[in-house]
Amino acid sequence: MALRNILNWSDPSLSGLIFGSGFVFLLSLSHFSLLSVIAYFSLTLLFFCMGCKVYVHLMGTLKKPCMDPLAKVEVMDLAISGENIEALVAPVVKGLNTATAQLRDLCLVQNYFDSAKFAAVLYVATFIGSFFNTLTLLTMTWVIMFVLPTLYAQNQAKADEILGQVKTQYEAINKKVAAMLPAQAATAQAATTQAAAAQKED
C-alpha cells in the first residue's frame with residue numbers, strides 16, 4: 001500500500017496499527033534505551049505471531065473455520081531487487097545534491113534576501129530547540145503526519161483559500177523587500193561576462 005494511502009487512513013486498521021506502533025515506540029524511547037525498546041517490540045511481535053499460530057492450530061483441531069491473521073504476511077514478497085533500491089536511492093541523491101547546492105548559495109550569500117530568510121529560520125529553530133528536544137519533535141511530527149492529511153481532505157476548499165491568500169501576501173512582501181536590496185543577480189551576471197571577455201582576450 002502506498003504511503004499516501006496509509007497517511008490518508010484508506011485502510012483504518014492498517015493505518016491505526018502503523019500509527020499506534022510508531023507512537024508507542026517513540027514514547028517508549030523517552031523512558032527506555034533504544035536497544036531495550038527494539039528488544040521489547042521484537043518480543044511482542046514474536047509472541048503475537050506465536051499466538052496467531054496457536055489460535056489457527058487450535059481452530060483446526062476443533063474443526064472450526066478460521067482465517068489466519070498472518071496469511072497476507074506469508075505470501076508477501078520481501079525480496080529487495082536492484083531496481084527497487086535504485087528507485088529509492090535516485091530521488092534521495094537528487095534531493096541531497098539540490099539541498100547541498102542551495103545551502104552553499106545561502107552560506108556564500110549569493111542572494112542577500114534568501115540568506116537573511118535562512119538566518120531567520122535558524123534563529124527561530126534555536127527557540128524551538130530550547131522548548132522541545134529531538135524526541136518530542138519526532139513524536140509531534142509523527143502525529144502531524146497522520147492527522148494533517150485527514151484534516152486537509154475534510155477542509156480542502158477552505159484550506160486552499162487560506163493558503164492562497166498567505167502565498168499572495170508572502171510574494172508581495174518578498175518582492176518589496178527584494179527590491180530594496182542590491183541586485184546581486186545583475187552584478188553576478190556582469191562579473192561573469194567580464195571574466196569571459198577577459199579569457200577571450202588572453
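Reply: A patch, as the word is used here, is made of residues with over 30% relative accessible area and no salt bridge, and nonpolar side chains are joined into one patch within 5 Å. The model is a predicted one.

By that rule Tyr123, Val124, Phe127, Ile128, Phe131, Phe132, Leu137, Met140, Ile144 and Leu148 form a nonpolar patch on the surface. Together these residues have about 980 Å² of accessible area. Two helices each supply at least two residues of the patch: helix 6, residues 112-131, and helix 7, residues 134-154. The largest share comes from helix 6, with five residues. One member, isoleucine 128, has its place in helix 6.

Of the 202 residues, 8% count as buried. The protein exposes about 16,400 Å², and carbon and sulfur atoms supply 69% of that area. Among contacts between residues at least 6 apart in sequence, 48% join residues at least 24 apart.

Leaving aside neighbours within four places in sequence, phenylalanine 19 is in contact with Trp9, Trp142, Val143 and Phe146. Phenylalanine 19 also lies 8.9 Å from leucine 7, C-alpha to C-alpha, with the two residues twelve apart in sequence.

Val37 leads on to helix 3, where Val37, Cys52 and Met59 are buried. The buried residues of helix 3 pack against helix 2. Helix 3 covers residues 34-61, and its 28 residues should span 40 Å at 1.5 Å a residue; the end C-alpha atoms are 41 Å apart, which agrees. After helix 3 comes lysine 63, with a positive phi near 55°.

Helix 5 can be checked in the same way. Its 26 residues, 82-107, should span 38 Å at 1.5 Å a residue, and the end C-alpha atoms are 37 Å apart, which agrees. Just after helix 5, valine 109 takes a positive phi of about 55°.

The cysteines remain. A disulfide is a covalent bond between the sulfur atoms of two cysteines. A search of the whole structure finds zero disulfides. For cysteine 52, the closest cysteine sulfur is that of cysteine 49, at 6.3 Å, which is too far for a bond because the cut-off is 2.5 Å. Cysteine 52 has a relative accessible area of 7% and is therefore buried. Cysteine 107, by contrast, counts as exposed because its relative accessibility is 53%, over the 50% limit.

Technical notes. Residues numbered from 1 in each chain as written. Predicted model: local features only at pLDDT ≥ 70, side-chain atom pairs only at ≥ 80, totals over all residues. Heavy atoms only, no water. Buried < 20%, exposed > 50% of the residue type's maximum accessible area, 1.4 Å probe, protein only. Patch = residues over 30% accessible without salt bridge, like charges linked within 9 Å, V, L, I, M, F, W, Y side chains within 5 Å. Areas by Shrake-Rupley, 256 points an atom, 1.4 Å probe, with all protein chains shown as cover. Salt bridge = Lys/Arg side-chain N within 4 Å of Asp/Glu carboxyl O. Helix = DSSP H or I, 4+ residues; strand = E, 2+ residues; numbered from the N terminus. Expected span 1.5 Å × (residues − 1). Contact = heavy atoms within 4.5 Å.
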